[in-house]
Amino acid sequence: MGSGGMQVLGFTLAFIGWIGIVVSTAMPQWKISSYAGDNIVTAQAIYEGLWMACVMQSTGQMQCKVYDSLLKLESLLQAVRALMVASILLGLIAVFVAMVGMKCMKCMENDEPKKARMAVVGGVFFLIAGLAAMVGSSMYGNDVARAFFSPYTPVNTRFEFGQALFVGWAASSLTILGGAFLCSTCPRKETSYPPSRPYPKSAPSGGKDYV
């Protein structure tokens with residue numbers, strides 16, 4: 001596959017992953033109430049996300065409440081929020097930078113090396129955005145798993161992984177993969193050799209023989 005095709009593939013994967021990160025950040029299903037244990041209550045399901053907590057009734061009606069105060073939130077939730085927002089912003093920058101460096105775009109046609117470097121820079125931004133989202137999702141998932149298996153957590157207050165976590169993991173993986181493809185299109189530096197110096201020609205003899 002040529003560098004142009006690799007750029008299109010990498011940008012497509014990274015862009016789809018970035019959209020998934022945005023969707024995952026906005027979803028309220030980062031963790032859902034667990035039905036493990038003897039006292040199972042199926043009349044309602046509780047969801048908690050980065051921005052709000054929701055309760056879904058058995059009738060299908062959902063009621064959500066946005067978190068009131070930022071300062072009252074747990075430090076882990078604040079850190080995950082910051083990582084996901086940073087990932088979205090970095091991904092937005094990466095989209096514009098990588099688009100400028102794509103061979104199929106008309107921008108910077110007169111400077112091909114700089115155009116190729118712009119695509120690589122966009123890939124680096126995608127890599128950082130994907131890593132930030134992956135770290136944020138993993139931190140949140142680790143906290144959910146730790147609380148679930150803790151003996152001090154009551155059975156009726158345990159939570160499990162929500163759909164948003166799986167979307168975040170898949171989206172960050174796509175973003176990292178796409179960014180890696182973009183970075184792999186980095187143009188190689190051609191080795192330049194100094195021009196060869198011509199050997200001096202010997203002066204023709206005058207035709208006279210000396211005894």
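Here's a quick look at the aromatic rings in this structure and the charges sitting over them. It's a predicted model, where local features need pLDDT of at least 70, side-chain atom pairs count only at pLDDT 80 or more, and totals for chains, interfaces and linings use all residues. Residues are numbered from 1 along each chain as its sequence is written, and side-chain values use heavy atoms, with hydrogens and water left out.

**Ring pairs**

- There are 8 aromatic pairs here (rings of Phe, Tyr and Trp, the last by its six-membered ring, with centres within 6.5 Å; planes under 30 degrees apart are stacked, over 60 edge-to-face, the rest tilted).
- W30 and Y140 make an edge-to-face pair, because their planes sit at 75°, with the ring centres 5.1 Å apart.
- That pair ties together distant parts of the chain, 110 residues apart: W30 is in the loop between α1 (3-26) and β1 (31-33), and Y140 is in helix α3 (residues 112-149) (helices are DSSP runs of H or I, at least four residues; strands are runs of E, at least two; both are numbered from the N terminus).
- W30 and Y140 are both buried (under 20% relative accessible area; exposed is over 50%, partly exposed in between, with a 1.4 Å probe and protein chains only).
- F166 and W169 also pair edge-to-face, at 5.8 Å centre to centre and 80° between the planes.
- F166 is partly exposed at 47%, and W169 is partly exposed at 22%.
- F11, F15, W18 and F126 are linked into a cluster by ring pairs.

**Charges over rings**

- K31 lies over the face of F159, 4.8 Å from the ring centre (the cut-off is NZ of Lys or CZ of Arg within 6 Å of the ring centre and within 35 degrees of the ring normal).
- R158 has its charged end over the ring of F148, 5.6 Å from the centre.
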